[in-house]
Amino acid sequence: MSKMGDIFVIVEHRKGEIRSITFEMLYKAGEICKALNHKLTAVLLAGKGQPFASDISKWADTVLVFEDDRFMDFDSDTYKEVINRLILQQSPFITLIGHTSWGMDLAPALSVRAGYPVATDCVDIIVEGGRPKAIRQTYGGKAFSRVSFRESPGYLITVRPGAFIPPDGAADRQANVVMMDIPSDLGPAKRDFVEFVDTAAGEVDISQAEFLVSIGRGVGEKENIDAIKDLADKMGGTLSCSRPIVDMNWLPKYHQVGTSGKSVRPKIYLALGISGAFQHVAGISGAQTVIAVNKDKKAPIFRVADYGVVDDLFSIADALKEKIKG
Ligand SMILES: Cc1cc2nc3c(=O)[nH]c(=O)nc-3n(C[C@H](O)[C@H](O)[C@H](O)COP(=O)(O)OP(=O)(O)OC[C@H]3O[C@@H](n4cnc5c(N)ncnc54)[C@H](O)[C@@H]3O)c2cc1C
């Protein structure tokens with residue numbers, strides 16, 4: 001059983017899989033625990049027979065499992081009731097929740113219910129004088145703000161996906177898995193989960209892609225996008241873009257990388273004709289390898305690129321297509 005002062009991570013899962021935000025939070029929580037001698041507890045609400053506990057057992061000291069078919073799919077009301085009782089009972093120091101559609105629903109309601117303060121959409125967490133401070137981006141990523149909390153028995157923080165990318169070997173704990181009693185007065189869910197509707201057919205989830213071919217304003221014209229899409233398809237990549245491409249309605253919003261788009265963490269990020277504005281590169285901090293092609297050798301994208309090519313993006317695209325053919 002966890003002790004006072006643990007760091008709690010609320011496990012997020014969807015369609016039978018733990019979502020990567022969970023591992024990102026567990027990694028960050030683990031770092032804080034190591035530095036400050038806290039214990040790390042993962043809190044899992046899952047349906048009967050959903051075998052998630054083993055997936056996270058190397059990431060936490062304790063996994064508290066609430067198993068009930070009412071928890072098979074996310075429902076903020078029931079989750080809030082269970083987690084509220086748990087945190088009031090166990091007083092975790094910090095509770096991390098993903099800043100996802102799930103967490104954005106749960107965290108504010110939980111904050112009101114438990115009377116714990118919450119900071120949302122945080123990209124870093126520091127602990128000073130026994131209290132956490134949450135780092136958030138403001139003005140569309142142009143500035144960072146440090147959010148202090150009023151004194152409280154515990155603090156809630158929602159974490160931006162992609163902010164903490166666990167390196168290999170980050171899972172170095174061995175959890176004690178504890179089956180928890182479901183509160184006997186927990187009522188039926190007030191909402192019925194009907195179905196999970198994926199983004200419409202033909203749409204893509206760039207945040208999960210391993211190889212992104214990303215275009216910026218350097219692509220010049222809407223008509224040129226097809227050639228790059230073709231290249232991406234041939235290389236097994238997914239097309240993404242910078243904001244102007246979306247603003248000009250050349251691609252739908254779900255392709256956009258950056259602070260007002262999505263954070264991505266592909267193995268390879270190929271940036272074609274993207275200058276590397278802060279708002280854009282903030283979204284690719286989780287990329288393993290960044291390759292940039294830009295005509296301007298002073299383009300800021302080269303500051304974050306692992307490999308850079310100063311050239312016209314279309315000649316590089318053509319050369320790549322030739323290479324693939326050959
Ligand atoms: C509140 C706010 C939020 C924002 N959020 C985002 C966001 O989420 N994502 C985002 O991307 N931006 C965002 N922006 C916009 C951001 O500041 C930049 O304006 C944007 O990222 C620039 O996009 P770009 O690199 O495609 O275009 P540009 O900055 O115009 O760069 C185009 C680049 O292409 C190069 N180029 C031109 N032709 C060629 C060619 N033929 N071959 C090779 N290179 C070529 C040029 O040298 C140049 O470097 C945001 C801005 C604000 C204020």
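Colleague: Which helices each supply at least two residues of the shell around the ligand?

Modeller: Helices here are DSSP runs of H or I with at least four residues, numbered from the N terminus, and the two in question are α6 (243-247) and α7 (278-281). This is a predicted model, in which local features need pLDDT of at least 70 and side-chain atom pairs count only at pLDDT 80 or more, while totals for chains, interfaces and linings use all residues. Residues are numbered from 1 along each chain as its sequence is written, and side-chain values use heavy atoms, with hydrogens and water left out.

Colleague: How many residues surround the ligand, and which are the closest?

Modeller: A residue is near a molecule if one of its heavy atoms lies within 4 Å of it; here 26 residues surround the ligand, and the closest are Arg217, Ser242, Gln256, Ser260 and Ser275.

Colleague: Where does a backbone N or O atom lie 3.1 Å from an oxygen atom of the ligand?

Modeller: A polar contact is a pair of N or O atoms within 3.5 Å, and the backbone atom you ask about belongs to Gly273. For Lys295, a backbone N or O atom lies 3.1 Å from a nitrogen atom of the ligand. Taken alone the ligand exposes 990 Å², of which the protein buries 77%, with areas from the Shrake-Rupley method and a 1.4 Å probe.

Colleague: Is Asn84 buried or exposed?

Modeller: Buried means under 20% relative accessible area, exposed over 50%, and partly exposed in between; Asn84, at 4% relative accessibility, therefore counts as buried. Asn84 is found in helix α3 (residues 76-90).

Conventions: A polar contact is a pair of N or O atoms within 3.5 Å; within protein, one must be able to donate a hydrogen and the other to accept it, and residues adjacent in sequence count only if both atoms are side-chain atoms. Buried means under 20% relative accessible area, exposed over 50%, partly exposed in between (1.4 Å probe, protein chains only).
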